[in-house]
Amino acid sequence: MRATLMYRAGDVRVENVPDSRIQHPTDALVRITASCVCGSDLHPYRSMTSAEGPARMGHELIGVVEEVGPDVATLTRGDLVVSPFAVSEDVCEFCRENLQTSCSHHEAGFWDGIPDEGGQAEAVRVPLADGTLVKLPVAPDSALIPSLLTLADVLGTGHHAARVAGVAPGQRVTVIGDGAVGLMAVLSAKRLGAEQIVLMGRHTDRTDLGREFGATDVVAERGEEGIARVRELTGGHGSHAVLEAVGHMPAYEQALGVVRPGGVISRVGVPQYEQAPIGFASLFRHNIRLAGGPAPVRAHIEELLPDILDGTIEPGRVFDATTDLDGVPAGYKDMDDRTSLKVLIRP
């Protein structure tokens with residue numbers, strides 16, 4: 001079978017690899033019908049050393065179940081399923097608390113940490129299949145597939161950002177970042193009733209889509225200039241919730257600058273730093289809370305799925321390019337160059 005591997009920064013290849021196969025009784029073998037390149041894939045694309053590669057890539061996928069292990073009880077051959085970016089058994093103490101990204105099972109973890117498997121491929125072995133995979137009530141060629149694929153990561157992540165920030169009707173929200181997750185955070189804040197949604201981004205094709213998803217204001221400026229503009233738009237006080245969808249220190253510093261006293265900064269951009277201001281002058285003085293983390297998207301699928309099926313939301317609009325596996329390396333480059341927002345893969 002064919003799969004995507006990253007050898008080092010900027011070096012992505014599609015190669016023949018050994019076929020995925022059932023290894024444990026709780027596994028399922030899935031033929032992938034749709035996957036994508038994630039913004040978080042660009043972090044290693046910019047920084048991976050040759051010593052760290054080659055690594056199999058891809059953590060968002062929809063596919064058809066081809067085979068199941070003897071202990072799989074809820075899935076059968078032919079089921080169309082979506083896989084969250086984290087593998088979980090969905091029954092441990094943390095899973096029952098809707099923290100599937102902290103599942104205690106020894107096979108649990110993120111797709112990016114499972115050797116010899118990945119979603120940007122023709123097929124994949126899914127560990128803990130009963131807990132990880134969610135059946136979809138549509139055909140593999142449904143027009144809803146792009147939107148349903150966002151359940152694997154970006155929609156659930158944007159929703160998680162808004163949920164843990166406690167976004168509620170009437171609130172002011174600022175979203176930092178106009179990538180796919182940032183746009184899904186806008187959509188999620190709107191869905192939860194935010195009155196004002198300020199999107200901080202400077203790519204007009206993306207911020208225009210953000211306005212269609214619910215942004216009431218767009219701020220293209222960065223740094224102190226951007227902070228001052230958001231403060232002006234929010235009556236001088238700042239936002240109740242800041243949803244940070246970038247992961248770099250300047251984005252965190254912007255979040256500090258635009259959050260109001262008693263507000264919350266919710267981070268879902270994968271942090272590319274280990275130290276950040278959290279002391280008296282930054283968070284403590286004004287009772288500002290820090291929330292976020294890797295989104296347990298498995299916990300959110302049942303809530304979000306009906307809104308996609310009935311057309312209430314159309315998150316699949318974040319995909320602005322489609323390719324087969326041969327086009328994946330170019331898709332990485334296009335996303336890194338900001339000429340594509342998010343690339344859909346049809347193996």
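These legends walk through several views of one predicted model.

**View 1. The whole protein chain, start to finish.** Along its principal axes, the C-alpha trace spans about 60 × 40 × 40 Å.

View 2. Of the 347 residues here, 55% count as buried. The chain still exposes about 14400 Å², and carbon and sulfur atoms supply 49% of that area. Now look at contacts with a separation of 6 or more: 70% of them come from residues 24 or more positions apart.

**View 3. A six-stranded open sheet.** Follow the strands across in the order β13-β12-β11-β14-β15-β16, with parallel pairing. At the edges sit β13 (217-219) and β16 (289-292), each pairing on one side only. Neighbouring strands here are turned by 20 degrees against each other on average, direction ignored. If you're wondering what holds such strands together, strands of a sheet pair through backbone hydrogen bonds.

**View 4. Zooming in on β15 and β16.** Strand β15 (residues 259-267) runs parallel to β16, and four bridges join the two. Pick out Ile265: its bridge partner in β16 is Leu290.

**View 5. Two helices lying across the strands.** Helix α6 (residues 180-191) lies across β11 (172-176), β12 (196-200) and β14 (239-244), and runs at about 175 degrees to β12. Helix α9 (residues 249-258) lies across β11, β12, β14, β15 and β16, running at about 155 degrees to β15.

How values were computed: Residues numbered from 1 in each chain as written. Predicted model: local features only at pLDDT ≥ 70, side-chain atom pairs only at ≥ 80, totals over all residues. Heavy atoms only, no water. Pairing = 2+ DSSP bridges. Axes fitted to C-alpha atoms, helices over the stretch in contact; angles between N-to-C directions. Contact = heavy atoms within 4.5 Å. Buried < 20%, exposed > 50% of the residue type's maximum accessible area, 1.4 Å probe, protein only. Areas by Shrake-Rupley, 256 points an atom, 1.4 Å probe, with all protein chains shown as cover.
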